[in-house]
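Please read the following briefing alongside the sequence and the coordinates.

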Amino acid sequence: MTTATERLSTKPYWLLWFRYFTSPISRAGTARFLNGYTNAVIGAGITLLTREYPGSHFGTQYYTKLLASMLSAGTVFHLLIFGWWPDSATLALARVVSNMFFSMLSCGFPSPETSFNIDEFICMLCIARFMLGVGVHARHNAGSTIHMGQHGITKNAQQWLLVLDTKTMTNAGFVIAGFVPLVLFWIFGNQQLQVIWSVSLGLGAIPAIVAFCYEVSYWADSVEVHGHHSSGEVPKWLTLKRYWKNVLGLSFAWFIYDFIMYPFGIYSSMITNNITGGNSSLSIVLGWSVVINLLCIPGTVLGTFLIDYLGLKTTMIVGLLLQAAIGFTMGIMYSQLTNHVATFAVMYGIFLGLGEVGPGSCLCTLAAQSGPTAVNKQLSVIAVMIGKVGAFIGTWVFPQIIDSFGGSNTMKGNTGPFWIGSGLAILGAATILFLVKPFTDGSMESEDKAFHVYLEENGYDVSCMDIGQPAEGDV
């Protein structure tokens, strides 16, 4: 009798690839790519708008941080509304309606050449960005290992594919978000900046439409699997009472990670613009921004290999400490680095890449292993939501940090974010060391049974809940 692996190996390669690209984990990966593009493109957009309207509010601290943070605010709103619901066809249908509504409203970006003045234009642009944040939020990835197991993907490849389809795809979106304006600049030049930024930002409406298509597909799957009824709701208070330490550590680590990575990625073109004094060609500014974000991709790949040798916690701690070391080095040697833009850009990219070696490669898997199977989605949603709050706060305060250290025209001002980010990286490493204790595959099964017993002892009927049942003799 042939095994499942042998039967899988006899199938045509095109069928295996089709099976993979139509799986839930692949759909989530595509959505993560589009999510990364939408987050990052606003950085290049602000740089272009500042160049085109030098006397307007685009270069001011308030409007810069407002435009950069609105998408994260929309994502937090999405998680607050939908993140707590148990999986069911009803939840999927609600997401379909939500994504359809926000996709339609996000398809058109206003232009300052219309009847709006600059203030009204910025207001409308912020509303569109917030709507994109609500509509484009990718399906949560904490349960991705479960989905992969259901689609014939071997367990040895789960970690690699999970990172590939989450953080690597997000970073690819950041790279393309810098490359699209660069290509458009090569085509249209300095005289058509409005075309460049409007097309670049307008393409951000595509993710909401793609997310809508994914939600329709997921809704169809959910009707088949769940019907219109969800599995029993697990008591949140008892769950947090038992797993609060893991949730606290994971949430704080995710907050720090997003606080560092999102603003440093989004504002990369603006920082490059600052160190050149705004005098360099936009092709130089946007080109080095692409290089900076491109170096994040090798970081996620390297992290997946290190996990096999060092384990999740150790890989994450080592990555954060190395990131802090590079950040402090950039703060100390800033004046020497800025004399050579290429050297500065490469060091900047390594700083971000080391963040992906650690938390970028580990957080998704840690989230899936920080609680029993029945509640890891709900526990992970808390951590993801806190992380997005960190992204919102980080993009909001990033320009303020520069101003507090002396402004974008001073060395201290431009090094301020690196000092703060490096200090937070060390704090994140300490948080993971002392607060997070992931379960292994063997201990996860035992914890599922222990959680079942724990709920029963506290008077809850677990017969209708999707919780691992203890075998006979275990209780």
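Leu-302 counts as partly exposed because its relative accessibility is 43%, where buried means under 20% relative accessible area, exposed means over 50% and partly exposed lies in between, computed with a 1.4 Å probe on protein chains only. This is a predicted model, in which local features need pLDDT of at least 70 and side-chain atom pairs count only at pLDDT 80 or more, while totals for chains, interfaces and linings use all residues. Residues are numbered from 1 along each chain as its sequence is written, and side-chain values use heavy atoms, with hydrogens and water left out.

**Overall make-up**

- The protein contains 20 helices and 0 strands, these being DSSP runs numbered from the N terminus (H or I over at least four residues for helices, E over at least two for strands).
- Of the 475 residues in the protein, 54% are buried.
- Among contacts with a separation of 6 or more, 82% join residues 24 or more positions apart, a contact being heavy atoms within 4.5 Å.

- Leu-302 belongs to helix H14 (residues 296-310), and its C-alpha atom is separated by 9.4 Å from that of Gly-353, which is 51 residues apart from Leu-302 along the chain.
- Asn-339 is found in the loop between helix H16 (334-337) and H17, and it counts as exposed because its relative accessibility is 60%.
- The C-alpha atoms of Asn-339 and Ile-275 are separated by 9.1 Å, although the two residues are 64 residues apart along the chain.

**Packing of H11 and H17**

- Helix H11 (residues 236-266) packs with helix H17 (residues 341-368) at an angle of about 145 degrees, the axes being 10 Å apart; axes are lines fitted to C-alpha atoms over the stretch in contact, and angles run from 0 to 180 degrees between N-to-C directions.
- The contact involves residues of H11 including Leu-250, Trp-254, Tyr-257 and Phe-264, and residues of H17 including Tyr-348, Phe-351, Gly-355 and Glu-356.
- The residues of this contact of H11 with H17 divide into 15 nonpolar, 3 polar and 1 charged, where Ala, Val, Leu, Ile, Met, Phe, Trp, Tyr, Cys and Pro count as nonpolar, Asp, Glu, Lys and Arg as charged, and the others, Gly among them, as polar.

**Aromatic pairs and a charge over a ring**

- The count of aromatic pairs comes to 18, under a rule that pairs rings of Phe, Tyr and Trp (its six-membered ring) if their centres lie within 6.5 Å, with planes under 30 degrees apart called stacked, over 60 edge-to-face and the rest tilted.
- Tyr-243 and Phe-451 form a tilted pair, 5.8 Å centre to centre with 55 degrees between the planes, which links Tyr-243 in helix H11 to Phe-451 in helix H20 (residues 441-457), 208 residues apart.
- Tyr-243 is buried at 5% relative accessibility, and Phe-451 is buried at 0%.
- The pair of Tyr-348 and Phe-418 is edge-to-face because the planes stand at 80 degrees, with the ring centres 5.6 Å apart; Tyr-348 lies in helix H17 and Phe-418 in helix H19 (residues 411-435), 70 residues apart.
- Tyr-348 counts as buried at 0% relative accessibility, and Phe-418 is buried at 1%.
- Tyr-348 and Phe-418 also belong to one aromatic cluster, whose members include Phe-264, Tyr-267, Tyr-334 and Phe-351.
- Arg-242 lies over the face of Tyr-454, at 4.9 Å from the ring centre, the criterion being NZ of Lys or CZ of Arg within 6 Å of the ring centre and within 35 degrees of the ring normal.
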